[in-house]
Each structure stands twice: as C-alpha cells, then as structure tokens.
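Dear colleague,

Please find below the sequence and structure that I am handing over to you. My findings on helix packing and the nonpolar core follow.

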Amino acid sequence: MRVLITGGAGFIGSHLAEFHLERGDEVHCVDDLSTGTLENIAPFRDSPEFRFDRADILTWDGLTEALARADRVYHMAAVVGMFRVLTEPEAVLATNVAGTERVLRCAAEAGSRPRVLVASSSEVYGPVGTHRLDETDALLVHCDTAKTQWNYALSKLAGEALGITYSGSFDLPVTIVRLFNTTGPRQSGRYGMVVPRFVRQATLGEPLTVFGDGLQTRSFCHVGDSVRALHLLCESDAAEGEIVNVGNDRAITVLDLANLVRSMAGSSSPVIFVPDSEAYYHGFVGIRHRKPALDKLKRLVGFEPEHTLEDTITDLLAAIRPTAEGARATG
Ligand SMILES: NC(=O)c1ccc[n+]([C@@H]2O[C@H](COP(=O)([O-])OP(=O)(O)OC[C@H]3O[C@@H](n4cnc5c(N)ncnc54)[C@H](O)[C@@H]3O)[C@@H](O)[C@H]2O)c1
C-alpha cells in the first residue's frame with residue numbers, strides 16, 4: 001500500500017506516517033514545515049519505505065505525480081491553532097480552501113482514483129450548545145463577519161463542500177472527517193492547543209493559564225485513537241462520500257483539566273485565569289462546549305476509543321518533561 005500524507009510532518013500527520021510504516025506500507029509525506037517539524041518525523045526519517053518532500057501544497061509541482069502513485073491520501077495540511085488563525089487569516093483561507101481544492105483537483109486528474117480522506121474540524125459546528133454534536137446537525141455560522149476568528153471554521157466547511165463535490169462530480173472516493181480535539185505527544189502548545197500547554201506549564205512550575213472562566217467543556221481524543229479511526233475510515237467502502245465525527249466523547253471542563261494535569265504532574269503551579277479578551281482579542285467568542293456524537297463512526301467501522309484522558313496526559317508528560325526540564329536547567 002502506498003500512502004501520501006499532506007501535512008505529514010505535523011502532529012497527527014507524523015503519527016499517521018508512523019502507523020502506516022509499522023504496517024509495512026510505503027509512506028510519502030509532504031509538508032512546508034510551517035508548524036510541522038523535522039523532529040516529528042525523525043523517529044522514522046531513515047526508513048527505506050519513507051519519503052519526505054518539503055513543499056507547499058499550493059505550489060508543489062510534484063503533487064499530481066505523488067497523488068497518481070498513491071493508494072491512500074490523507075489530506076491533513078492546514079493552517080491550524082487559534083493563535084495562527086488570528087494572526088494569519090489570509091493563509092488560513094489560502095491553504096485550507098485553495099490548497100484543499102488543488103489536492104482534490106490533482107487527485108481527480110491523476111486518474112488513479114486514490115482513496116482520499118480530508119481532515120475537517122468540529123469547529124464547523126460553530127458556537128453551539130451542550131448536546132452531543134451529530135453529523136446531521138444544522139451548522140451555525142457566526143455572523144460577526146468583521147472578525148477573522150471564523151476563517152478557520154469557514155475554511156474547513158469549504159473543504160468539506162469541495163470534498164463532497166469532487167466525490168460526486170469526479171467519482172473520487174472521498175471521506176470527510178470532523179476531528180474533535182486530538183492531543184498527545186508531538187502536539188505543540190505554541191499555537192493555542194490547551195493540553196500540551198498545561199503539561200509544559202505544570203512541568204516548568206509556571207502558572208497554568210486557563211482562558212475565560214474555565215467552565216467551557218472539551219472532549220480530548222488520544223492521537224493513537226484518532227489515527228486508528230482515520231485508517232479504519234480510509235479502508236471502509238461504506239464511508240465513501242460520508243462526513244464522520246472522530247474523537248472521544250468524555251467531556252471535561254478546562255478548569256478540571258488544568259487541575260488534573262497539575263495533580264498528575266505532581267506540580268505546585270497555581271491555576272490562573274486569563275480573560276479571553278487578553279488571551280485573544282476584545283470581543284472573542286469562546287466556544288462553550290464540544291462533544292462528539294460517535295454513533296456514525298461506531299456504525300461504519302466499529303470504532304471505540306482505547307485511551308483515557310489520563311493515558312494521554314501520561315504520554316504527554318513523558319514526552320514533554322525531559323525537554324522542558326532540560327530547557328529550565330540551561331536557563
Ligand atoms: N489536532 C486537532 O485537535 C485537530 C482538530 C480538528 C481538526 N484538525 C485537523 O487535522 C489536521 C492536522 O492537524 P494537526 O493538529 O496535526 O496540526 P499541525 O499544525 O501539526 O499539522 C498541519 C501540518 O500542515 C502543514 N502545512 C500547513 N500549511 C501547509 C501548506 N501550505 N503546504 C504543506 N504543508 C502545510 C504544517 O506544517 C503542519 O505540519 C488539520 O487539517 C487540522 O485542521 C486537527
């Protein structure tokens with residue numbers, strides 16, 4: 001099996017690459033290293049079955065050829081993380097919309113009909129209520145158009161529309177996955193991802209910074225579970241042309257998460273609250289609750305998460321502690 005992963009040096013992309021290499025597949029990753037790193041792919045960079053190209057999916061002239069060679073394509077490349085979304089709104093639209101369109105168009109042109117999985121996001125559900133978010137729900141597009149905060153959700157929604165359209169018009173076998181918060185080793189806290197940020201702060205003895213009142217809830221999925229779900233969906237004929245939630249449905253408040261990380265790290269760091277207006281900008285609309293309905297994922301591929309949130313924090317502590325403590329020791 002030949003696998004192409006866009007964004008393959010990123011957090012989820014590099015875990016997908018490792019998963020497929022362990023299965024004996026050939027893996028080709030393309031990434032512009034904007035948030036991805038060579039460190040993420042270092043554990044398997046020298047594998048004879050692995051190939052890496054540093055390139056931008058918007059301009060890479062090897063894209064059609066790479067797609068023509070691939071049996072499976074995971075389109076993971078995107079501008080992600082709230083800090084990048086707020087500071088690089090044009091890049092969000094260029095990569096997430098035009099980049100997705102280019103990947104799908106080149107895949108259709110390749111003529112080989114590779115199985116394509118397009119990464120979307122739970123952000124498309126918008127600022128909605130407390131219920132489990134189901135794929136059949138109407139989506140809420142926030143109308144505060146003066147703010148580019150919504151570019152990410154809009155770009156992911158456009159990516160879904162492109163995926164469904166190419167699937168129908170060009171007979172391309174596409175599945176859209178709405179990923180809910182995925183976390184684990186290799187995820188960077190630099191772009192606004194909460195779990196690695198808390199783990200780093202607790203490890204360094206710094207205050208754990210909770211944005212807003214901390215009563216917002218999130219559901220975190222271990223990256224190993226997400227990767228397994230993506231693979232199962234890519235192998236499923238029943239998932240072709242479908243939009244499917246991927247995540248874990250155990251919800252926790254961000255304040256409880258901070259306290260859990262603190263206690264698992266054995267840290268005496270205080271927990272402090274930072275208003276959204278300071279963390280982001282005045283008028284920022286925080287999402288209150290995020291919890292996936294996983295019935296469709298279970299029905300299609302029989303998926304059940306295997307890792308608890310505690311497992312994920314344990315893995316993150318093991319990954320982050322040595323570098324954080326090393327950084328502290330060298331001042
Ligand atoms: N991690 C999550 O919780 C989560 C939740 C919802 C959706 N997603 C989606 O999953 C995918 C992977 O996210 P991630 O968490 O691994 O983030 P990530 O930032 O680690 O991965 C994205 C990768 O894409 C690369 N990239 C960005 N622009 C590119 C371009 N123009 N050309 C080539 N490469 C480019 C980056 O360098 C990075 O390696 C994204 O599509 C994201 O929207 C992730």
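A nonpolar core is taken here as a set of buried Ala, Val, Leu, Ile, Met, Phe, Trp, Tyr and Cys residues joined through C-beta atoms within 7 Å. Please bear in mind that the model is predicted.

The largest nonpolar core comprises 81 residues. Those with the most contacts inside this core are I5, L117, V177, F198, V199, L230 and V261. Helix α8 supplies the largest share of the core, six residues. Leaving aside residues up to four places away in sequence, L230 touches L16, Y74, L117, V177 and V246.

L230 also takes part in the packing of α8 against α1. Helix α1 (residues 11-22) and helix α8 (residues 223-234) pack at an angle of about 65 degrees, and their axes are 10 Å apart. The two helices are therefore roughly perpendicular, and their crossing is right-handed. On the α1 side the contact is formed by F11, I12, H15, L16 and F19, and on the α8 side by V223, S226, V227, L230 and H231. Seven of the contact residues are nonpolar and three are polar, with no charged residue.

With kind regards

Conventions
Residues are numbered from 1 along each chain as its sequence is written. This is a predicted model: local features need pLDDT of at least 70, side-chain atom pairs count only at pLDDT 80 or more; totals for chains, interfaces and linings use all residues. Axes are lines fitted to C-alpha atoms, for helices over the stretch in contact, and angles run from 0 to 180 degrees between N-to-C directions. Helices (H or I, at least four residues) and strands (E, at least two) are DSSP runs, numbered from the N terminus. Angles under 35 degrees count as roughly parallel, over 145 as roughly antiparallel, 65 to 115 as roughly perpendicular and the rest as oblique. A crossing is left-handed if the near helix is turned anticlockwise from the far one by less than a right angle, and right-handed if clockwise. Two residues are in contact if their C-beta atoms, placed from the backbone, lie within 7 Å. Ala, Val, Leu, Ile, Met, Phe, Trp, Tyr, Cys and Pro count as nonpolar, Asp, Glu, Lys and Arg as charged, and the others, Gly among them, as polar. A residue is buried if 20 or more other C-beta atoms lie within 10 Å of its own, exposed if 12 or fewer, and partly exposed in between; C-beta atoms are placed from the backbone.
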